[in-house]
Amino acid sequence: FFYVCIIQLVLVLGDLCIPNRKGKLPEQFKTLLVPGKIKHVLCTGNVCSKSMDQYLRNLVVGNAANVHIVRGDMDDEKSYPETKTVTIGGFKIGMCHGHQLVPSAHLESLLNLQRKLDVDILITGNTHQTEVFANDKKYLINPGSVTGAATFNGKTSIPSFILMAIKGNNVVTFVYEYKFDPDTNTQKVKVSKSEFSKNEETASGTFE
């Protein structure tokens, strides 16, 4: 018989901060995030409004149960958990906003949480800066802020999100950033790609 391994498209985003620090998603991102194409949504928190919560759930047509959101430090929604684990394809994925970690966004703090949750992939936010890092066959991801909202100390950020194409024990990660392009002197969506497998080590990016 033939075993068919289906590719599952997973949207990873967070720190929307709407309307607290930002008014809306970049229009260039809205045109890319078409309802019906995405199988799962993993959000690192700081959704900050019911309208944006509903927007995320509408992206996964007919299966809102595939939308997973953890609580950020600016979220009032009490139903969001502090951490969550989900399994997609061959990967067990852990989620946490990241403001709870001490020190925040430090590599050792992230690895400790990954061990505690016992996951293959750990997704966190809070820094508003994209990171993709593989270590000892473990994968750490930070999608940044999808709106480019400023950090708690007022530091500006680049709007970004991540798409993961998961097939069995393999994942291809696409980082989307809306930033200045010196060649055209305009703001453009730029995409970078990396791959990770549970069977081999592939690193891209760094945590400090």
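**Briefing: fold, cores and loops of a predicted model**

Of the contacts in the protein with a separation of 6 or more, 61% are between residues 24 or more positions apart; contact means heavy atoms within 4.5 Å. This is a predicted model, in which local features need pLDDT of at least 70 and side-chain atom pairs count only at pLDDT 80 or more, while totals for chains, interfaces and linings use all residues. Residues are numbered from 1 along each chain as its sequence is written, and side-chain values use heavy atoms, with hydrogens and water left out.

**Overall build**

- The secondary structure comes to 3 helices and 11 strands; helices (H or I, at least four residues) and strands (E, at least two) are DSSP runs, numbered from the N terminus.
- Along the sequence the order of these elements is β-α-β-α-β-β-β-α-β-β-β-β-β-β.
- The protein has a radius of gyration of 16 Å, close to the 17 Å that the globule rule gives for 208 residues, so it is as compact as a globular protein of that length. The radius is taken over C-alpha atoms, and the rule is 2.2 Å times the number of residues to the power 0.38.
- The C-alpha trace spans about 50 × 40 × 35 Å along its principal axes.
- Of the 208 residues, 49% count as buried. Buried means under 20% relative accessible area, exposed over 50%, and partly exposed in between (1.4 Å probe, protein chains only).
- The protein exposes about 10,300 Å², of which carbon and sulfur atoms supply 52%. Accessible areas come from the Shrake-Rupley method with a 1.4 Å probe; for residues, only the protein chains shown count as cover.

**Confidence**

- The mean pLDDT is 90, and 93% of residues reach 70 or more; pLDDT is the predictor's confidence in each residue, from 0 to 100.
- Over residues 201-208 the pLDDT is below 50, although this stretch has 25 contacts in the model beyond near neighbours in sequence.
- Where pLDDT is low, the predicted coordinates should not be read in detail.

**Nonpolar cores**

- A nonpolar core is a set of buried Ala, Val, Leu, Ile, Met, Phe, Trp, Tyr and Cys residues joined through side-chain atoms within 4.5 Å.
- The largest nonpolar core has 23 residues, of which Leu11, Leu13, Val41, Val47, Leu56 and Phe161 touch the most other members.
- Two or more residues of this core come from each of E1, E2, H2, E3, strand E9 (160-167) and strand E10 (170-181). H2 gives the largest share, 3 residues.
- Another core, of 21 residues, lies apart from it and has Leu42, Met95, Ile123 and Phe196 among its members.
- Leaving aside neighbours within four places in sequence, Leu11 is in contact with residues including Leu33, Ile38, Val41, Leu59 and Phe161.

- Helix H2 (residues 50-59) has Met52, Asp53, Leu56 and Leu59 as its buried residues. They cover an arc of only 120° around the axis, which puts them on the same side of H2; the arc is that of the directions from the helix axis to the C-beta atoms.
- Lys50 and Ser51, on the other side of H2, are exposed.
- Strands E1 (8-13), E2 (40-43) and E3 (67-69) are what the buried residues of H2 pack against.
- In H3, the buried residues include Ser109, Leu110, Leu113 and Leu117. The buried residues of this helix pack against E4 (83-88), E5, E6 (121-124), E7 (130-135) and E8 (138-143).

**Loops**

- His97 is in the loop between strand E5 (91-96) and helix H3 (107-117). His97 is buried, with a relative accessible area of 0%.
- Not counting residues up to four places away in sequence, His97 touches, among others, Asp15, Asn46, Arg71, Asp73, Glu82 and Asn126.
- Pro103 is also found in the loop between E5 and H3, and a cis peptide bond, with omega about -10°, joins Val102 and Pro103.
- The loop between E1 and H1 holds Pro19; the peptide bond from Ile18 to Pro19 is cis, with omega near 10°.
- Gly23 lies in the loop between E1 and helix H1 (27-30) and counts as exposed, at 63% relative accessibility.
- Asn46, in the loop between E2 and H2, has a positive phi near 55° and counts as buried at 2% relative accessibility.
- His128, in the loop between E6 and E7, has a positive phi near 60° and counts as buried at 5% relative accessibility.
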